[in-house]
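Trainee: I have not seen this structure before. Could you take me through its contacts?

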Amino acid sequence: MTLTTVRALPSRAPARPGGAPRRRPSRHRRQDALVGYLFIAPQALGILAFVLVPLGLIAYYSAHEWNVLAGTFRFVGTENFERLFTDPQLGGVLQATTVFSIALVIANLTLALVLALLLNRRMRGVGFFRTVFFSPVVVSLVAWTIVWGFLLQADGGINGMLATIGIEGPNWLREGPTAMASVVIVQVFKNVGLNMVLFLAALQGVPHDLYEAARVDGARPSTIFWRITFPMISPTILLTVIITIVGSLQVFAQIAVLTQGGPGTSTTVLVYYLFQQAFQFGKFGYGSVLAILLFLIVLVLTIVQWMLRRKWVFHEN
Amino acid sequence: MRTETAFDVSRASRRSRRRTLSYLAFYAIMTVLAVPFVFPTWWMITSSFKPITEIFAFPPTLVPENPTIQPFIDVFALQPFAQQYWNSAYIAIVVTIGTMLVSSLAGYAFARIQFPGANAIFLVVLVGLLIPAEVTIVPLFQMFNGLGLIDTHWPIILVSTFGAPSVLTTFIMRQFFLALPVELEEAARLDGLNRFSIWWRIAMPLARPALAAVAIFSFLHVWNLYLEPTVYLQSTELFTLPVALTRFTDAYGGALWNVQLAAATMTAVPVLLVFIVAQRQFVEGLAHTGLKG
């Protein structure tokens, strides 16, 4: 999110009024500092134990062959990294990951923006529809995925309804292209409400006089959208793009429930592949290398976000 | 007010008819768009009342023709579902309360208390935002394995409360406290209250909106965890709901759809009802916290 605000750490020590006795505040401050450490201790120690130490361990594990099933643990140097470059499946995995992320971002943001534009008006029922579009966000992810999996069976509800109008639907989850499309669609409808709400907030922040001025000048609606609305909400668009991409890299339950990565490896995204290698095949060393790869991808995306944000400060507060 | 001429009336009525039409078009479009958002939930609930013979009936039945509650009974017969429900509920409650405490303490300190290294520590903590849970799952599994905590709820509770998931909520609390006027706290300080009392008795009651957002985010996060319980838990009676939902299969591994959907209904509907009652807090809270793909 707005990591940039870190720079805005305020100076928190209000200027002490002159003439205050000198010794007491310093004792006070030392005591206060102690309390500060105590307050942050649970969080800071948690991050140390559950984020930083594991990150260090990944590097260590990645240089070892750790087969839990066979009970072996030995140093293998760069073998796991070399495997990364010779793994015949990795190309397909990265392709599936990229396709999924790009398709999800385009579908999610387009729909979110359309819904937000449609709902950005004062009309009875707008609140109701906003609730409707948001509701899948609070439905348990696995429950949502299961019912879609049920709907997308070869003889499931969707093909049943298509058949009533004389269309023979595909076996959605068992054919490469439709399997990928299905996973994307299930994910879009699950979470598009969140981006819609973010867009609505951004749309409501666009000053009204801009629109009025454009209307007075006789601008067409499409011109108004591309020349006013779009630039004004561009920071939110950038934010949601990054959030959605990073979120898309973490898609696991949907894959596990709907397709198990299949057919073939057509929906095996990186996270699912990592899970398979480490926890199904017991290859923790190679799993760690895949984890490093995932980490690097997220890191690069975050840095790109920072750089774009710097450049793209069209208007930010 | 009522001084329209005939001309005005006809124009007004034409305008109002046009407006009615555009209203109708708007509602028609919205209703069509709403189908994929509402229908799955409807299908989940209705199908869970269908006998297995009707589950793939053609043409599909929108309302069960022979409604039965047998699937709901089977849910409890096939798995220790009440136990699993309790697991999910107590873990979610413990983690939610724990996160509220951890994050409000840290958020308050980062916003209000001056101590050496605060900025550096804050930056290090924020690293947690950058690390997807999937990156650290392998070493975390090994660590908890070494501690003998695999097949217990401890990994889920500890990591969710103190680890990466609570960083976002700490950030939210910090931002909230930064925006909160400091005068009340200073007055309390002059009255001799110590930091802890100020945090608990002055700052926390004022932070209710932020705490609500934190609670909603944290609850939904834990309630929906899937990868972590899949990795850490092995015993059926320790499963949380998302894992349990995927295990309603017959002897051949085929899904028992109506039973599975009955379990899914029992998992999803209570949260959905709470959402409908408290939707304002939900939408605003989640919009503030921001953030899942």
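Trainee: How many residues does the contact take from chain A and from chain B?

Mentor: This is a predicted model, in which local features need pLDDT of at least 70, side-chain atom pairs count only at pLDDT 80 or more, and totals for chains, interfaces and linings use all residues. Residues are numbered from 1 along each chain as its sequence is written, while chains are lettered from A and ligands numbered from 1 in the order in which they are written. Two residues are in contact if their C-beta atoms, placed from the backbone, lie within 7 Å. The contact takes 83 residues from chain B and, from chain A, 84 residues.

Trainee: Which element gives the largest share of the side of chain A that touches chain B?

Mentor: Helices (H or I, at least four residues) and strands (E, at least two) are DSSP runs, numbered from the N terminus. With 19 residues, the largest share comes from H1(A).

Trainee: How far apart do the C-alpha centres of domain 1 and domain 2 of chain A lie?

Mentor: Domain bounds come from an automatic or database domain assignment. For chain A this gives domain 1 (49-86) and domain 2 (91-287). Their C-alpha centres are separated by 34 Å.

Trainee: Which element gives the largest share of the side of domain 1 of chain A that touches domain 2 of chain A?

Mentor: On that side, helix H1 (23-62), strand S1 (64-67) and helix H2 (79-86) of chain A each give two or more residues. The largest share, 4 residues, comes from S1(A).
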